[in-house]
Amino acid sequence: MELLKVEGLTVRDEEKGETLAENISFSLSNHECLGIIGESGSGKSVTCRALLGLLQGKLAVTGSAAFGGEELIKMAPQRLREIRAQHISLMMQDAMNAFDPLYTIGAQLAETFREARGMKRREAWEAAAAVVRSVGLAAPGEDPARVLKKYPHQLSGGMLQRCMTGLALALKPEILIADEPTTALDSINQRAIVENIRRLRRETGMAVIFISHDLGVVKYLADRLLVMRRGRIVESGEASEVFEHPQEEYTRYLIESRRRMSGQFRRAVSEGGAHD
Amino acid sequence: MIEIRNVKKSYRGSWLSGKAGKEVLRGVSLTIPEGGCTGLVGGSGSGKSTLARLLLGLERPDAGEILIEGVELRKWRKEHPGKMSVVFQDYTASVNPRYTVEQILLEAVTAQTGTGGRGRKDENTDLTEQARSLLRDVNLPEHLLGHYPHELSGGQLQRVCIARAVAANPKILVLDEAISSLDVTVQEQVLELLAGLRKKYSMTYLFIAHDLQAVASICGDIYFLHQGVIEEHCACRDLSRVRSSYARSLLDSVIIF
Amino acid sequence: MKVWKRLRQDRFSFACLIFLGIVVLCGILAPWIAPHAPEALNVKMKLAGPSLTYPLGTDYLGRCILSRLLWGIRTTVFLSIAAMAATILIGTVLGILAGVCRGWIDACIMRVCDVMLSFPGEVLTLAIVGVLGVGIGNVIAASIIAKWAWYTRMVRGIVSQYTDKNYIRFARVCGCSKGYIIQKHLLPGIAGELAVLATLDTGSVILNISALSFLGLGAQPPTPEWGMMLNEAKEVLITHPWQMAAPGIAIMAVVAAFQFLGDGLQAACDPRQTGKRPAMFLRREKAGGKMHGTSES
């Protein structure tokens, strides 16, 4: 079943007369993971923000994005907020700025549950504790309050990002939009986040839009792939197909760059494997 | 050759305000061979940036010593002014927004001679020529000389930062997450560029990053720093044979493309 | 230069700037454009209304109010500006010294500042005038003493913000001298913020000096000074209330002009208005970058 259908989405900056995203069309089915890759400034984030009505300033959005029969573009802000609370979650790169430094992690997680799910105070706190456990920040026997009672500056960027992931997933959205969630994290935290997303896809059948310039992670997660450049879609198709047999020059260039960079590492690891 | 011996650094807490102190480096020792490229890998909060600041002389260690060519760091820096340089992660904060690319590139050079850019006319044309050749070194077009930082893209700006870092012909270059904020395609180009520059100017690199794949692609040997302690040191080609649990889990969780 | 351009576009602030320019010019040209000497008495004509000879009338001693107003610019406005300049000079030097040197120099300077700041400004001024004696010079000195600590602390705050910037770290790594860093990176950085503060504050210094003169602690008769003119007009408040109008409006207009100009300057210096695309875009993204759709509700 088709969950989200985007057609001819265009974002223009009227002030400067620039087009940030042009004629973007894609669809997302139940249970599917769509990867979007491209360099910075290719319009990946802008597209997703436009879907959720999170663009600010004088950006004109045209086109259509249908979510379960409802049109997201030009939707009333109130309804859009409900959609964001109930159905579509967004996860961002910058976890440091996403948390308010004045409140503890637990308070902020619980507040979100109370707002979005109408939970009672105690119930929300339990849910927050479950979040911390689910992303492995508190071992099963450990008291999650130890993490919940901390302020954002007391946790590392990776831990905050994991909290964000946990929260986004605990809301059990139908669609998760993850905008470069693993960039700037070390591989352990990166892996934890990616595995969490995979697990939840298995458990709840949530659909994911995963934006990243890290091809390795996208390849690991995505079923289908969208390659963007300068606001346009360059190539799209089954992820494995695009990675194995890229049709476009630009896609090949992206893949080659990444291959070259990780080449030494792959060699070191596999050679070592031969020694063992 | 850089030797860091049992260096400790902690940030003082305050009894009055009830702030707890924090021990960032708990006895770190490492050796960086001359002309080599040594990687330092660690997650956020592992103390790798603190170590960089100590090596750059921006802060002083609480205990232990840092020797360069057998000479104590501060003394070495006095004897060899400008022979150490750095590229930071955050390229937008790394350049003064009021200056043009040319002024940024030549800062290290003019500051050494003390002319502050007010030299004689023929000197100035020499300097402009030097700025041009620096831009050529990092594959940027020469017309960028008169531009201001905000007119450049992230990749271009980071290349300007690299060019500026090598301008005064340093012997030691510290790269503190220098490529982490860049796109993968640009990362690859910058890594290649860095490798080329190292040969051209025979520099010693300390390459600090959290991305193991990037480190492996440029470094000869790698140190793993975890919570202020060096967990392991290995040559890059022996990467698969690391023993310590931290290095192991870091390695195992890499999602290879 | 960009600041100047934006200030030009802000018509209201620019009008304030022109107005203040005219006031300063009038002060400089006072000996030539004032119709009478400021101290010239004409007892026969005392408390006269506006006329051709006395455009704004005369005060209780028969002195030309317009002439006194014009000469008063020299005392009131010029001395205030001078006091402000001196305050800023002291504040900048000490602030940079504290911010750059750190360590015990920083500790000493800041503790002295703490002590100074723990007195209420007005009380401190009154106490200083009380000790030094009345007189416009002492009032100026008092206003500098009361304000320098505040500026020192401001400058130190700005400086320590800047010293954490990577480009200053880079300059230090390169072995650039402290003098070079201060001259090339710090001063241009703090100049804008200081200009805004100073402009906003000049107004309050004018009020301060006028107020003390009004109380008879500042300028002494027969020096023309706006606050003192108000004081003299107060004596005949019941019979000739308009006597207060000229100096009162003059003080109000000049102080307001400084305030508005300061606001305009602040807006002109604000990096959000520089039209630097990357920076603006980032800011916008951050603003939209709440933790979650839900946390916006």
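This is a predicted model: local features need pLDDT of at least 70, side-chain atom pairs count only at pLDDT 80 or more; totals for chains, interfaces and linings use all residues.
**Interface of chain B and chain A**

On the chain B side, 34 residues are in contact with 39 residues of chain A. The area buried between these two chains is about 3200 Å², and carbon and sulfur atoms give 63% of that area. Three residues, B:Val184, B:Ile255 and B:Phe257, supply 28% of the area that chain B buries against chain A, more than any other three residues.

The count of salt bridges between chain B and chain A is one. A:Arg260 forms a salt bridge with B:Glu188, with the closest N and O atoms 2.5 Å apart. Helix H7 (184-201), helix H8 (212-218) and helix H9 (245-252) of chain B are the elements that give two or more residues to the side touching chain A. The largest share of that side, eight residues, comes from H7(B). By class, the side of chain B that touches chain A has 16 nonpolar, eleven polar and seven charged residues.

**Interface of chain C and chain B**

Here the contact takes 21 residues from chain C and 27 residues from chain B. The area buried between chain C and chain B is about 2200 Å², of which 56% comes from carbon and sulfur atoms. Within chain C, the residues that lose the most area to chain B are C:Tyr167, C:Phe170 and C:Val173, which together account for 32% of what that side buries.

Between chain C and chain B the count of salt bridges is zero, while nine residue pairs are in polar contact, both residues being at pLDDT 80 or more. The elements of chain C that give two or more residues to the side touching chain B are helix H7 (166-173) and helix H8 (178-214). H7(C) gives the most to that side, with seven residues. The side of chain C that touches chain B comprises ten nonpolar, five polar and six charged residues.

**Summary of the buried areas**

The table sets out the values for each pair of chains.

| Interface | Buried area | Share from carbon and sulfur atoms |
|---|---|---|
| Chain B and chain A | about 3200 Å² | 63% of the buried area |
| Chain C and chain B | about 2200 Å² | 56% of the buried area |

Methods. Residues are numbered from 1 along each chain as its sequence is written. Chains are lettered from A and ligands numbered from 1 in the order in which they are written. Side-chain values use heavy atoms; hydrogens and water are left out. Contact means heavy atoms within 4.5 Å. Buried area is the accessible area (1.4 Å probe) that two parts lose on being put together, summed over both. A salt bridge is a side-chain nitrogen of Lys or Arg within 4 Å of a carboxyl oxygen of Asp or Glu. Helices (H or I, at least four residues) and strands (E, at least two) are DSSP runs, numbered from the N terminus. Ala, Val, Leu, Ile, Met, Phe, Trp, Tyr, Cys and Pro count as nonpolar, Asp, Glu, Lys and Arg as charged, and the others, Gly among them, as polar. A polar contact is a pair of N or O atoms within 3.5 Å; within protein, one must be able to donate a hydrogen and the other to accept it, and residues adjacent in sequence count only if both atoms are side-chain atoms.
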